[in-house]
Amino acid sequence: DSAVRLDPSYPVWANSNLMYAYFMGGRHAAVAPVFDRTPRDSLTEVDFVYRAASYAALGQAAAARAAVADALRFAPGLSIEGIAAQSWWSEAERARLIDTMRAAGFPACATAAGANAIAPAKRLPECAGAVASG
């Protein structure tokens, strides 16, 4: 917040970092405004996840479902295990993502193409023996 106050014309790429910090810091209400002021062509699939999962964490089920639908239009193969399997998350971050993405209504299992890139230890238990179509 201090950095944004000091430089309100900060570069747009920093919005992803802000959304990450707000989401992982439990400041879920702060995620959507940052998402909304980011040009769509500058958003990443994880930014869409932060928004939808934050709505779920806030108990805003309808907004979460709408945000999941928007995320899936942006990245049709998006899944909980596809996001949570990324190597850069700590175990606490991974758990937070899984819980809030489930609450938001994201598909659990990766598509066949996506599942091939996920280490077996990072597969969700319900997905390890099966692969979603797509």
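Student: In what order do the elements of the chain run from the N terminus on?
Tutor: This is a predicted model, and in it the elements follow one another as α-α-α-α-α-α-α-α from the N terminus, which comes to eight helices and zero strands.

Student: What radius of gyration does the chain have, and what would a compact globule have?
Tutor: The radius of gyration is 15 Å, in agreement with the value near 14 Å that a compact globule of 134 residues would have. Taken along the principal axes, the C-alpha atoms fill a box of roughly 50 × 30 × 25 Å.

Student: And how many of the residues count as buried?
Tutor: Of the 134 residues, 44% count as buried, while the chain exposes about 6,900 Å², with carbon and sulfur atoms supplying 58% of that area.

Student: Let's turn to H2. Why is H2 said to be largely enclosed?
Tutor: Eight of its 11 residues are buried, so H2 is largely enclosed by the rest of the structure. The buried residues of H2 are Ala-14, Asn-15, Ser-16, Leu-18, Met-19, Tyr-22, Phe-23 and Met-24, and they pack against helix H1 (2-6), H3, H4 and H7.

Student: What follows H2?
Tutor: Gly-26 follows H2, and its phi is positive, near 80°. In the loop between H2 and helix H3 (31-36) there is also His-28.

Student: Is that His-28 buried or exposed?
Tutor: His-28 is buried, because its relative accessible area is 14%, which falls under the 20% cut-off for a buried residue. Leaving aside neighbours within four places in sequence, His-28 is in contact with Tyr-22, Phe-23, Ser-54, Ala-57 and Leu-58; of these, Tyr-22 and Phe-23 are themselves among the buried residues of H2.

Student: Switching to H7, how far does that helix reach?
Tutor: Helix H7 covers residues 91-104 and reaches 20 Å from its first C-alpha to its last, close to the 20 Å expected for its 14 residues at 1.5 Å a residue.

Student: Which residues of H7 are buried, and what do they pack against?
Tutor: The buried residues are Glu-93, Arg-94, Leu-97, Ile-98, Thr-100, Met-101 and Ala-104, a list that includes Glu and Arg. They pack against helix H2 (14-24), helix H4 (45-57), helix H5 (61-74) and helix H6 (80-84), and just after H7 comes Gly-105, which takes a positive phi of about 105°.

Note on methods:
Residues are numbered from 1 along each chain as its sequence is written. This is a predicted model: local features need pLDDT of at least 70, side-chain atom pairs count only at pLDDT 80 or more; totals for chains, interfaces and linings use all residues. Side-chain values use heavy atoms; hydrogens and water are left out. Helices (H or I, at least four residues) and strands (E, at least two) are DSSP runs, numbered from the N terminus. The radius of gyration is taken over C-alpha atoms; the globule rule is 2.2 Å times the number of residues to the power 0.38. Buried means under 20% relative accessible area, exposed over 50%, partly exposed in between (1.4 Å probe, protein chains only). Accessible areas come from the Shrake-Rupley method with a 1.4 Å probe; for residues, only the protein chains shown count as cover. The expected span of a helix is 1.5 Å times one less than its number of residues. Contact means heavy atoms within 4.5 Å.
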